[in-house]
Amino acid sequence: MIPAGCIIDGEAVVWIDGRLSFDALQQRLSVGADRARRLALAQPASYVGLDVLAVAGRDVRHLRFDERRSLLEQLAAEWSPPLNLSPVTADIEEAQQWMETMTDAGIEGIIAKGADQPYVGGARSW
């Protein structure tokens, strides 16, 4: 569970047969409430936390990414599916390996953030 006063930046995802299915997620937006509930039961979504913007009502966007990541990992220690923590690495070779192997699972790319970067809303400064 995400505690009150916390804001987590992340993505909703649906896994089907070991692959991410953007189509399955999108289907829920274009159907009525009853059909959306049935789809959610048949193909449950998960949430992948990527970053944290607020903790206990305190804005943490000004903190460096590595500090925010540490806060996010502390929060995620209490999580269980459908809440998930995104993987992270500072190793360029590992990131390259992810790009080569994770596409089979439907993952289209990686996000690269500098360890010393604050969170800048509305800007792609990664």
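How many helices and strands does the secondary structure of the protein come to? The predicted model comes to four helices and five strands, where helices (H or I, at least four residues) and strands (E, at least two) are DSSP runs numbered from the N terminus. From the N terminus on, these elements follow the order β-β-α-α-β-β-α-β-α.

Because this is a predicted model, local features need pLDDT of at least 70 and side-chain atom pairs count only at pLDDT 80 or more, whereas totals for chains, interfaces and linings use all residues. Residues are numbered from 1 along each chain as its sequence is written, and side-chain values use heavy atoms, with hydrogens and water left out.

**Overall dimensions and burial**

Taken along the principal axes, the C-alpha atoms of the protein fill a box of roughly 45 × 35 × 30 Å. Of the 126 residues, 29% count as buried; buried means under 20% relative accessible area, exposed over 50%, and partly exposed in between, with a 1.4 Å probe and protein chains only. Among contacts (heavy atoms within 4.5 Å) between residues at least 6 apart in sequence, 59% join residues at least 24 apart.

In soluble globular proteins, nonpolar side chains tend to be buried together. A nonpolar core is here a set of buried Ala, Val, Leu, Ile, Met, Phe, Trp, Tyr and Cys residues joined through side-chain atoms within 4.5 Å. The largest such core has eleven residues, namely Cys6, Ile8, Val52, Val55, Val60, Leu63, Leu72, Leu75, Ala76, Trp79 and Leu83. Strand E3 (45–55) and helix H3 (65–76) are the elements that give two or more residues to this core, and H3 gives the most, with three. With its neighbours within four places in sequence left aside, Val52 is in contact with Ile7, Ile8, Val60, Arg68, Leu71, Leu72 and Leu75.

The buried residues in H3 are Phe65, Arg68, Arg69, Leu72, Leu75 and Ala76. Seen down the axis of H3, these buried residues fall within an arc of 115°, so they line one face of the helix; the arc is that of the directions from the helix axis to the C-beta atoms. What covers the buried residues of H3 includes strand E1 (7–16), E3 and strand E5 (83–85).

**Backbone exceptions**

Most residues other than glycine have a negative phi, and most peptide bonds are trans.

The peptide bond from Pro81 to Pro82 is cis, with omega near 20°, and Pro82 is found in the loop between H3 and E5.

**The largest pocket**

On a 1 Å grid over the protein atoms alone, a pocket is an open set of points where a 1.4 Å probe fits, with protein on both sides within 12 Å along at least five of seven lines, and lining residues have an atom within 4 Å of a point. The largest pocket has a volume of about 1200 Å³, a volume being the space filled by probe spheres set on the points. Of the 36 residues that line this pocket, Leu50, Ile107, Gly109, Ile110 and Ile111 are the closest to its centre. Two or more lining residues come from each of E1, H1, E3, H3, E5 and helix H4 (92–101), and E1 gives the most, with five.
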